[in-house]
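Biologist: Before I plan any work around this protein, could you take me through its fold step by step?

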Amino acid sequence: MAYLNFDSSKLTKFVHDNELAEMQAMVNAADSELRNGTGAGSDFRDWLDLPTNYDHEEFDRIKKAAAKINQDSKYLITIGIGGSYLGAQMALDFLHNNFYTREEETTQVVFAGNSLSSTYLQDLIELVGDADFSINIISKSGTTTEPAVAFRVFKEILIAKYGEEEANKRIYATTDANRGALKEEADANGWETFVIPDGVGGRFSVLTAVGLLPIAVSGADIDELMKGARDAQNEYVDADLTKNEAYQYAALRNILYRKGFTTELLENYEPNMRMFSEWWKQLMGESEGKDQKGIYPSSANFTTDLHSLGQYIQEGLRNLFETVVKVDKPTKDIKIPSQEGNLDGLEYLQGKSMDWVNTKAYEGVVLAHTDGGVPVMTVHIPDQSAYTLGYTIYFFEVAVGISGYLNGINPFNQPGVEAYKTNMFGLLGKPGYEEIGKKLNDQL
Ligand SMILES: O=P(O)(O)OC[C@H]1O[C@H](O)[C@H](O)[C@@H](O)[C@@H]1O
């Protein structure tokens, strides 16, 4: 059995025994497109062997930069959006205490540039106050509006606080190796730079410096993270569906999709995995939602959302399926105390582990939702270690590569995200976009 345990045993009501095997020929074709680069978007497959084929010199520099930041900064303002944000945030949440703060000992990693909210940015400025800080600006293109705005604001504060020379030592730029506005600015000012490799798209970049620097600054073990991903890279190579659980997941979600189950909910039973779902949503949504087709990636956080979305999932429109990422061994457990009088009626649970109760809730939900007509699959992950996270990241990355090719699309581009940007630039009066702006303003 693989390190992760993918459980599709509850799908029998929805998927016949023969169906998975009948996908094998299509999976072989998808595998060949992915591995041999014969599929669309083949220039963006370098994440496939990233865990074994990364820049070790840069990896060491990341650790050194993290150590320096830990010494000289109370805050690391990590600026980025989409693939240049979600991976780091989800890893920090996944790997740390729910009330994560490293303020007292070392550096608190905080995020900016992931929205256009002026209130958020001003709140962050007020949080940082007079404290020492550094900036990690992350942008593959170097031109994305949200991070560029936040960077301007914090750069100005940094220079005012430290003067240009010291400020230049406190800015770390993670961007393209050779091109782009950010690369140019970094070179001109002598900032330390880290590379987002050409062949790794933003949503596949968490195991590059994009994720690794903030994760290392947070004190998490990036060696273990890479080791987990490396072992997963070695695990999920066989195109044989009986042997490859990441491919099984990819094939089964396509089988379900073709039966009308067009929305997938990624679910967890740990509040600090909420952002894991947000990371997964970009990975799946940007990869698969194109050519007017694709599974819509959504999420739910349990047991919390059983008290809000639970009704819909149980009895609403039957286009949903669920993929649970279940932690088998919690980082911490608590025993439920006894209480005199038993007024809350919970005495039958006294002395029981709270995680056992959480797991019984999960089991009950799987059966109820299955009865209600919602297919449920589970990816069991052993714990919330850095190793497990690296492994799990790779599981979903390789699955979406196969899944995208199974559905006949290019899983590695994202042409659709430009449409709103063009409109926004027109409305903002960006030079070169005046005509578009004029037309749009007439429509408003
Ligand atoms: O890293 P950047 O070039 O700033 O891009 C950040 C994000 O924004 C874009 O709009 C894309 O849709 C994403 O795929 C990307 O991750």
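Biologist: How many residues does domain 1 give to the contact with domain 2, and how many does domain 2 give?

Modeller: Please keep in mind that this is a predicted model. The domain assignment gives domain 1 as 5-39 + 226-407 and domain 2 as 48-220, and the C-alpha centres of domain 1 and domain 2 lie 30 Å apart. Where the two domains touch, domain 1 contributes 21 residues and domain 2 contributes 19 residues.

Biologist: Which element supplies the largest share of the side of domain 1 that touches domain 2?

Modeller: The elements that give two or more residues to that side of domain 1 are α9 (222-235), α11 (274-288) and α14 (386-406). By class, the side of domain 1 that touches domain 2 holds 12 nonpolar, five polar and four charged residues. The largest share, eight residues, comes from α11.

Biologist: How do the residues of the contact of α9 with α14 divide by class?

Modeller: The α9 residues that take part include L225, M226 and A229, and those of α14 include Y387, L389 and F395. The crossing of these helices, α9 and α14, is right-handed. By class, the residues of their contact divide into 11 nonpolar, four polar and three charged.

Biologist: In which hand does α2 pass α14?

Modeller: The axes of helix α2 (residues 24-36) and α14 come within 9 Å and cross at roughly 115 degrees. On the α2 side, M26, V27, A30, D31, E33 and L34 meet G401, I402, Y405 and L406 in α14, and this contact has seven nonpolar, one polar and two charged residues. The crossing of α2 with α14 is right-handed.

Biologist: Which strands stand at the edges of the sheet with parallel pairing?

Modeller: This open sheet of five strands has the order β3-β2-β4-β5-β6, and its neighbouring strands are turned by 20 degrees against each other on average, direction ignored. A strand at the edge has a single partner strand, so one side of each is left without a neighbour in the sheet; the two strands in that position are β3 (108-112) and β6 (192-195).

Biologist: Which residue in β5 stands opposite I138?

Modeller: Strand β4 (residues 133-138) and strand β5 (residues 171-175) run parallel and are joined by four bridges. Helix α3 (residues 56-72) lies across β2 (75-79), β4, β5 and β6, running at about 135 degrees to β6. Within β5, the residue opposite I138 is T174.

Biologist: What is the bridge partner of D7 in β10?

Modeller: D7 belongs to β1 (5-7), which stands at an edge of its sheet with a single partner strand; the sheet is open, with mixed pairing and the order β1-β10-β9-β7-β8. β1 pairs with strand β10 (residues 376-381) in the antiparallel sense over three bridges. In β10, the bridge partner of D7 is T378.

Biologist: How many charged residues does the contact of α15 with α16 have?

Modeller: The axes of helix α15 (residues 418-428) and helix α16 (residues 434-443) come within 7 Å and cross at roughly 90 degrees, which means that α15 is roughly perpendicular to α16. Their contact is made by T422, N423, G426 and L427 of α15 and I436, G437 and L440 of α16. By class, it has three nonpolar and four polar residues, and the number of charged residues is none.

Definitions and conventions:
Residues are numbered from 1 along each chain as its sequence is written. This is a predicted model: local features need pLDDT of at least 70, side-chain atom pairs count only at pLDDT 80 or more; totals for chains, interfaces and linings use all residues. Domain bounds come from an automatic or database domain assignment. Two residues are in contact if their C-beta atoms, placed from the backbone, lie within 7 Å. Ala, Val, Leu, Ile, Met, Phe, Trp, Tyr, Cys and Pro count as nonpolar, Asp, Glu, Lys and Arg as charged, and the others, Gly among them, as polar. A crossing is left-handed if the near helix is turned anticlockwise from the far one by less than a right angle, and right-handed if clockwise. Two strands pair if DSSP finds at least two bridges between them. Axes are lines fitted to C-alpha atoms, for helices over the stretch in contact, and angles run from 0 to 180 degrees between N-to-C directions. Angles under 35 degrees count as roughly parallel, over 145 as roughly antiparallel, 65 to 115 as roughly perpendicular and the rest as oblique.
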